[in-house]
Amino acid sequence: MEFRKRIEELLNEFLETRKDLFLIDLKISAGDDITVILDGDNGVSLQDCLDASRAIEFNMDREEHDFSLQVMSAGLSEPLSTPRQFAKNMGREIEVLLNDSTKIEGELAKIDEEKITLILRYRKPKDIGKGKVDVEEEKEIPYSEIKKALVTIKF
């Protein structure tokens, strides 16, 4: 069996036993360095990473195929890429870079299988007179228009 397919199969078997976890990325370099990035509905613990690593490592023969393995959780700096990741971050501020390079920042209010909905809050000049008014509006963004989405970290 092809090396990559075997790794994917072992990883999928592990994820079947842990429905709260999901795969973000699997990278295998030309030198067979394997990097697995996981996320979870309730986060990913060190034990989760160890369990995933063991599920792969204990079922592979290093005599047959030498490799290095790294299993990690998706950090805050990792872009959101799946509807499940967006759902996990409901209520948080996110910054979305669209395919046309427009940036939009807002609170993640709703998600479904086709799009996300952000609540945008900003101030704009009054229509009549001087001064500004607070505006709150919803903006729907289809996943197909999202180039990159990151959780905004505020201190």
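This is a short tour of a predicted model, moving from the whole chain to a sheet and then to a single residue. Residues are numbered from 1 along each chain as its sequence is written, and side-chain values use heavy atoms, with hydrogens and water left out. Because the model is predicted, local features need pLDDT of at least 70 and side-chain atom pairs count only at pLDDT 80 or more, while totals for chains, interfaces and linings use all residues.

Select residues 1-73 as domain 1 and residues 83-151 as domain 2, bounds that come from an automatic or database domain assignment; their C-alpha centres lie 33 Å apart.

Next select residues 80-155, which an unreviewed UniProt entry lists as "domain: Ribosome maturation factor RimP C-terminal", an annotation that may be inferred rather than shown by experiment. This span is 8% helix and 57% strand, where helices (H or I, at least four residues) and strands (E, at least two) are DSSP runs numbered from the N terminus.

Now turn to the open sheet, in which 5 strands run in the order 7-6-5-4-8 with antiparallel pairing; two strands pair if DSSP finds at least two bridges between them. Strand 7 (132-142) and strand 8 (146-151) stand at the edges with a single partner strand each, so one side of each is left without a neighbour in the sheet. Strand 6 (residues 115-125) pairs with strand 7 over 11 bridges, and Arg-121 stands opposite Glu-136 in strand 7.

Finally, select Thr-35 in strand 2 (residues 33-40), which is buried (under 20% relative accessible area, 1.4 Å probe, protein chains only) at 18%. Leaving aside residues up to four places away in sequence, Thr-35 touches Asp-25, Leu-26, Lys-27, Gln-70 and Met-72, contact meaning heavy atoms within 4.5 Å.

Methods. Buried means under 20% relative accessible area, exposed over 50%, partly exposed in between (1.4 Å probe, protein chains only).
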